[in-house]
Amino acid sequence: MGDLLKGISSFRGAVFPNQSALYRKLAREGQQPQALMISCADSRVMPETITQAGPGDLFVCRNAGNIVPPFSTLNGGVSSAIEYAILALGVSDIVVCGHSDCGAMKGLCHPELLEPMPNVAAWLRHSHAAYSIVCRAYPDDLSESDRVRAVAMENVVVQLDHLKTHPSVAAKLATSEITLHGWFFDIETGEVQVYDGAKATFTVPQEGEPLPVAVTGRDRPHVMPQIAAMLAAE
């Protein structure tokens, strides 16, 4: 705690004075973040540092395993953050960011590690599909580190699918007002890979080139034109 208190003192004395005008503006006008980022609670994964975002740039929701539970009538912190970000803050981009050496994904691969943590085990049921994909579709001779990495990357895609079940997200996708992104952060190298939904693969984005995206409203077929045609024919 002593180190944290020193950090607070340094922020107040050296950092805040240079950004005081920005903080006053944010306090006066409120926040207008560019995106919602759902990332892991792992202390090595810092969304604002990775993206070099400043105050007010990102609306961040962190939890063990960067999980997005499928929508249900039960209230939860992640679903509330999604709904608020879209309907109150008007974000047009949502990022699900996984990472290497993820402890949650290690727990999926080794359920015995979760025996003393029943709440964690229950939470990780939302990632079981990622583990099943790796068990069934990947080579059996993967190394331990490669297996955990594969589960973590598949987990990003699974959580993107869950994200689309949320009514606020589904509605914005239907009107092409929101874009979903899947990222994977490598702790050791600092590299960020981006999921390209059109190619169903992760790729390293190149500066100056369009950023690959996971899901856009234009990718989502809907039946509104067909319904309109049916009504017109009646």
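**Close-up views of a predicted model**

View 1. Cys 102 is buried, at 2% relative accessible area (buried: under 20% relative accessible area, 1.4 Å probe, protein chains only). The model is predicted: local features need pLDDT of at least 70, side-chain atom pairs count only at pLDDT 80 or more, and totals for chains, interfaces and linings use all residues. Residues are numbered from 1 along each chain as its sequence is written, and side-chain values use heavy atoms, without hydrogens and water. The structure has zero disulfides (a disulfide is a pair of cysteine sulfur atoms within 2.5 Å). The closest cysteine sulfur to that of Cys 102 belongs to Cys 40, and at 4.2 Å it is too far for a bond. Cys 109 is in no disulfide either, with the nearest cysteine sulfur, in Cys 135, 7.2 Å away. Cys 109 counts as buried at 10% relative accessibility.

**View 2. The largest nonpolar core.** This core has 44 residues, of which Leu 36, Ile 82, Ile 94 and Leu 163 touch the most other members (a nonpolar core is a set of buried Ala, Val, Leu, Ile, Met, Phe, Trp, Tyr and Cys residues joined through side-chain atoms within 4.5 Å). Helix α7, residues 144-163, gives the most to the core, with 10 residues (helices are DSSP runs of H or I, at least four residues, numbered from the N terminus). Beyond neighbours within four places in sequence, the contacts of Leu 163 include Ile 38, Val 68 and Leu 180 (contact: heavy atoms within 4.5 Å).

**View 3. The bend in helix α1.** Helix α1 bends by about 70° at Phe 16, and Pro 17 follows within four residues (the bend is the angle between axes fitted to the seven residues ending at a residue and the seven starting there). Just after α1, Gly 30 has a positive phi of about 85°.

Methods
Helix = DSSP H or I, 4+ residues; strand = E, 2+ residues; numbered from the N terminus. Buried < 20%, exposed > 50% of the residue type's maximum accessible area, 1.4 Å probe, protein only.
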